[in-house]
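Please keep the sequence and the 3D view at hand while reading.

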Amino acid sequence: MKLPALILIPLIFFSTLIDLTLSTQPSYSCDSSNPSTKSYPFCETTLPIYQRVHDLVSRLTLDEKISQLVNSAPAIPRLGIPSYEWWSEALHGVADVGKGIRLYSTINSATSFPQVILTAASFNEHLWYRIGQVIGTEARALYNAGQATGMTFWAPNINIFRDPRWGRGQETPGEDPLMAGKYSVAYVRGVQGDSYGGGRLKAGGHLQASACCKHFTAYDLDSWKNVTRFGFNAKVTQQDLADTYQPPFKSCVEHGKATGIMCAYNQVNGVPSCADHNLLTKTVRGHWDFHGYITSDCGAVSIIHDVQGYTKQPEDAVVDVLKAGMDVDCGTYLQNYTKSAVQMKKLPVSYIDSALHNLFSIRMRLGLFDGNPTKLPFGNIGPDQVCSKLHQAIALEAAEDGIVLLKNAGKLLPLHKSKGISLAVIGPNANASETLLGNYHGPPCKFITPLQGLQGYAKKTVYHPGCDTVTCPNPAIGQAVNVAKKADYVVLIVGLDQGEEREAHDRDHLNFPGKQQQLINSVAKASKKPVILVILSGGPVDISAANHNPKIGSILWAGYPGEAGGLALAEIIFGDHNPGGRLPVTWYTQDYIKTPMTDMRMRPDKRSGYPGRTYRFYTGKNVFDFGYGLSYSNYAYSFVASATQNKLYLNESSVGLAAKKSDSGRYQLVSDLGEEFCQKLFKVTIGVKNDGEMAGKHPVLLFVSRKNPTKGSPVKQLIGFKSVILSAGERAELEFMLNPCEHLSHANEDGLMVLEEGSRYLVVGDAEYPIDIIV
């Protein structure tokens, strides 16, 4: 989202000016006490929004129109329209990283949730929705307090975490397209003020805040071996677009009803994303029926000409993006070259008007043209709702439910809460505060570091960093070993930080940085009992050595767990919370770095030795599977056969088309089966029992697999997940309603979804249930 470095420099001074000029009252248009504006039709709230916008746009001069096509849209005083800032951030809490939000004075902090990759590990859609609700509420509180010049937030990031080295993978819900889509829907509905199930927010309804799904599309490389996101051409097959890269965005638009889309820096098959009419207009607005605005990533319009050389003149880049369907430029390129494009007769003004219609429609849906906002929906949300006890409790819950237990040999954890226990807390991330937050965050309500959390349970706690930073060039191994020798238990807290993985910086290996591994081995060897290893990171780390080391008894992955992460971690270590998180990405071995990041193919290629990507297609070795995660309890699964269908007849479709044939066997195109057939859901009932001695919140993941996958079909695919709370010994039955056209299909080489004849297996844990598709 950030501008190239040369463009960022002047923003520092500009942001200072904003701090000085922000009012304590929200800015809005159509003030009923202003006689010069209240008579305008665009201020008449009883009229449809499209009529109001048409009236407003018709009153603008060409220069005024062009001024509104950039993220920092200036005021139009003669019409009583204040300035507006489109760029605000709320990836995992309202942040002051963009230019539309300032956390200072009345509201100087906001609830900081775990980085998205850890929240995703909870596999809990309702939790994701509640996080979205908090973010939307706190955003509106900032606006009501006069600390926001925009209510359009450029989140969520729903790109597929395709390669473990990607520095921004931490911002995403992981590698599975179904899961990323469900995350986007829950988050967007929460932020925008819709109900959990959708439907409360009617078409054109009043928005609490606006969410924007990014980065469209096939964006998952920032900087690798001199290839950067600014010049990268992502070569993507129609097959991979159809069942991997596009589904999260389709869900975000069709089910989440997102009001914003961000097009990416990169090209897709030779065409810049922001200049691709097929993507932005035909697909998003046409096939998916999107009603909102489309923004560029910051600087993405300028690079079309300046970096990619895609156009001969700057004006051509302006023409291409506006004709493609983009509406607002995060940058100044449209501001600088749109008028000359019109004067050169390359750009009809109608394309500008179309963009303005999309932009002002969203501002009106936010209530910014309806008069005094305190008298409107969401107008009573005040500063007391920011960092409230409820919001902070949800941040703690998100960290508790996301942390993943990867190893627990000999049931080392949980530790007993004995007053006399002595604890050594060692590692460069043990007392880190900023590291807990990941990226795109604002000042949190509070900080609880892992050390502080553990000190609340063990008064006899001794701390040593082991390394000054996670780069760990010169570890103080001798001192760390001496501290470890004297303690009953050792907690080693290591991993990564934003210096190792971040926007514009991909990793070049999957090992621990610097000499962290040497520190881990030495401390583990010296400790009285097997140590507890905690990893803070967004992307996966090859921890094969630690996993096989008998002196490392337990391993926890805590992501970047947010403001309450230290407390959540301590609660799990001492048994006040039963871990239930499960990995949202595959954890690969170091050998995976032989695979070029620039290869966008998801499917493996046996001829070249290409191993494929993600758990759905990867054929090589890994450290941990997608969905892996232990608990202090054992859970047993069973399919309730009497309540679960085991045959699906495609020839019952009213269409009555003859089956098609391929090298893989007989199949039907999903598009031929018809809406009536595809809406016939079938029920799968799964019994889940907690066989342990401790209550726990447990995500149940339902997969479909094939023993002998046909060419191009996934080896295994997530088709549903639910979270259930079970007491010790308790059993529950969960119902999954499956859509065969959505959950049992895959894309063929032409990018068309197909249902193939043959046997499948529904899989939960070790339990399998056969289901046959008969054409």
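**Cysteine pairs and the overall fold**

Cys467 and Cys472 are joined by a disulfide, with an S to S distance of 1.9 Å, where a disulfide is a pair of cysteine sulfur atoms within 2.5 Å. Both Cys467 and Cys472 are buried, a word that stands for under 20% relative accessible area, against over 50% for exposed and partly exposed in between (1.4 Å probe, protein chains only).

The model is a predicted one, in which local features need pLDDT of at least 70 and side-chain atom pairs count only at pLDDT 80 or more, while totals for chains, interfaces and linings use all residues. Residues are numbered from 1 along each chain as its sequence is written, and side-chain values use heavy atoms, with hydrogens and water left out.

The search of the whole structure finds seven disulfides, and another of them is formed by Cys213 and Cys252, whose sulfur atoms are 1.6 Å apart. Because Cys213 lies in strand E4 (residues 210–216) and Cys252 in helix H9 (residues 247–254), this pair ties together parts that are 39 residues apart in sequence; helices (H or I, at least four residues) and strands (E, at least two) are DSSP runs, numbered from the N terminus. Cys213 has a relative accessible area of 0% and is buried, and Cys252, also at 0%, counts as buried too. Cys212, by contrast, is in no disulfide, the nearest cysteine sulfur being that of Cys213 at 6.9 Å, although Cys212 is likewise buried, at 0% relative accessibility.

A further disulfide links Cys263 to Cys274, S to S 2.2 Å, and the torsion about its S-S bond is about 105°, so this disulfide is right-handed. Cys263 sits in strand E8 (residues 260–263), whereas Cys274 sits in the loop between strand E10 (271–272) and helix H10 (277–287), eleven residues apart, so that the pair links distant parts of the chain. Cys263 and Cys274 are both buried.

Turning to the whole, the protein has 24 helices and 31 strands. Its radius of gyration is 27 Å, close to the 28 Å that the globule rule gives for 775 residues, so the protein is as compact as a globular protein of that length; the radius is taken over C-alpha atoms, and the rule is 2.2 Å times the number of residues to the power 0.38. Along its principal axes the C-alpha trace spans about 80 × 70 × 50 Å, and buried residues make up 62% of the 775 residues.
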